[in-house]
Amino acid sequence: MVGIAMVMAIAIGIPLGVLITRWSKLRTPVLGLTNVVQTIPSLALFGFLLPLPWLAARSERVAITALALYALLPIISNTYAGIAGIDPAVREVGRGMGMTDLQLLIKVELPLAMGTIMAGIRVATVIAIGVATIAAAVGAGGLGEFVFRGLAMVDNRLILAGAIPAAVLALAADFVLGLVQKRLQRYR
């Protein structure tokens, strides 16, 4: 679920982050909306998504949609920060070389901002893994089933059977994505 949600969030978040660097009027509404989504408690967000006809047909769809929504803020804000933080002189050099806006974006801005963008993806992935355990509350399965079953039975071993693997998975994803981030920053 987390993998699919992250692919969706990256496919939506990076273009939105680029878009708000181009049209500053969109920055406040886009970041404001993603900030609002981030502040909604996860169980409440699952509850808001359940009545939607196509999503509610399968609980995994509800979970994936919620996880993708939670992952958007770090991806969009880091994409914006990475591109906006590029030295204007670098852009001028690209323009002086005759680059179009699209060439400048693909060949200069995105490669230079990739370390920052990757940091957003890294944070979003860890958040998504943590929230995915709560998806069991809407029947989406996963490690959260052990946690909720353990809570219902007041069995700490069962709770830990779900919590420890989820934590290890989040730490492993953070470590691997951290290595990717360092590699991308090295090639700037």
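Gln181 lies in helix H9, where helices (H or I, at least four residues) and strands (E, at least two) are DSSP runs, numbered from the N terminus. At 11% relative accessibility, Gln181 counts as buried; buried means under 20% relative accessible area, exposed over 50%, and partly exposed in between (1.4 Å probe, protein chains only). Gln181 touches Gly115, Met118, Ala119 and Arg122, leaving out residues up to four places away in sequence; contact means heavy atoms within 4.5 Å.

This is a predicted model: local features need pLDDT of at least 70, side-chain atom pairs count only at pLDDT 80 or more, and totals for chains, interfaces and linings use all residues. Residues are numbered from 1 along each chain as its sequence is written, and side-chain values use heavy atoms, with hydrogens and water left out.

**Overall build**

- The protein chain has nine helices and zero strands.
- From the N terminus on, its elements run α-α-α-α-α-α-α-α-α.
- The C-alpha trace spans about 65 × 35 × 25 Å along its principal axes.
- Of the 188 residues in the protein chain, 41% are buried.
- Among contacts between residues at least 6 apart in sequence, 70% join residues at least 24 apart.
- The accessible surface of the protein chain comes to about 10200 Å², and 70% of that belongs to carbon and sulfur atoms. Accessible areas come from the Shrake-Rupley method with a 1.4 Å probe; for residues, only the protein chains shown count as cover.

**Nonpolar core**

- The largest nonpolar core has 45 residues. Such a core is a set of buried Ala, Val, Leu, Ile, Met, Phe, Trp, Tyr and Cys residues joined through side-chain atoms within 4.5 Å.
- The residues with the most contacts inside this core are Val2, Met6, Leu45, Phe46, Leu67, Ile75 and Ile121.
- Two or more residues come from each of helix H1 (2-22), helix H2 (27-39), helix H3 (42-49), helix H5 (59-84), H7 and H9.
- H5 gives the most to this core, with 14 residues.
- Met6 is in contact with Ala71, Ile75, Ile121, Ala124, Thr125 and Ala128, leaving aside neighbours within four places in sequence.

**Salt bridges**

- The structure holds six salt bridges. A salt bridge is a side-chain nitrogen of Lys or Arg within 4 Å of a carboxyl oxygen of Asp or Glu.
- The side chains of Arg91 and Glu109 meet in one of them (2.6 Å, N to O). This pair links distant parts of the chain, with Arg91 in helix H6 and Glu109 in helix H7, 18 residues apart.
- Both Arg91 and Glu109 are buried; Arg91 has a relative accessible area of 16%.
- Helix H6 covers residues 88-96. Beyond neighbours within four places in sequence, Arg91 is in contact with Ile83, Ala84, Ile86, Leu104 and Glu109.
- Arg22, Arg91 and Glu109 are linked in a network of salt bridges.
- Arg149 pairs with Glu145 in a salt bridge, the closest N and O atoms being 3.4 Å apart. Both lie in helix H8, four residues apart, about one turn of the helix.
- Arg149 is partly exposed at 39% relative accessibility, and Glu145 is partly exposed at 36%.
- Arg157 forms a salt bridge with Asp155, with the closest N and O atoms 3.7 Å apart. Arg157 is exposed at 68% relative accessibility, whereas Asp155 is buried at 18%.

- The buried residues of helix H8 (residues 144-153) are Gly144, Val147 and Gly150.
- They cover an arc of only 125° around the axis, so they sit on the same side of H8. The arc is that of the directions from the helix axis to the C-beta atoms.
- Ala152 and Met153 are exposed on the other side of H8.
- Val154 is found in the loop between H8 and H9. Val154 is exposed, at 72% relative accessibility.
- Val154 has a positive phi of about 50° although it is not a glycine. Most residues other than glycine have a negative phi.

- Thr116 is found in helix H7 (residues 101-132) and is partly exposed, with a relative accessible area of 28%.
- Thr116 touches Asn78 and Gly82, not counting residues up to four places away in sequence.
- The C-alpha atoms of Thr116 and Gly85 are separated by 9.7 Å, at 31 residues apart along the chain.
- Phe175, Val176, Leu179 and Val180 form a nonpolar patch on the surface, with about 360 Å² of accessible area together. Patches are made of residues with over 30% relative accessible area and no salt bridge: like charges are joined within 9 Å, nonpolar side chains (Val, Leu, Ile, Met, Phe, Trp, Tyr) within 5 Å.
- Val180 is found in helix H9 (residues 156-186) and counts as partly exposed at 34% relative accessibility.
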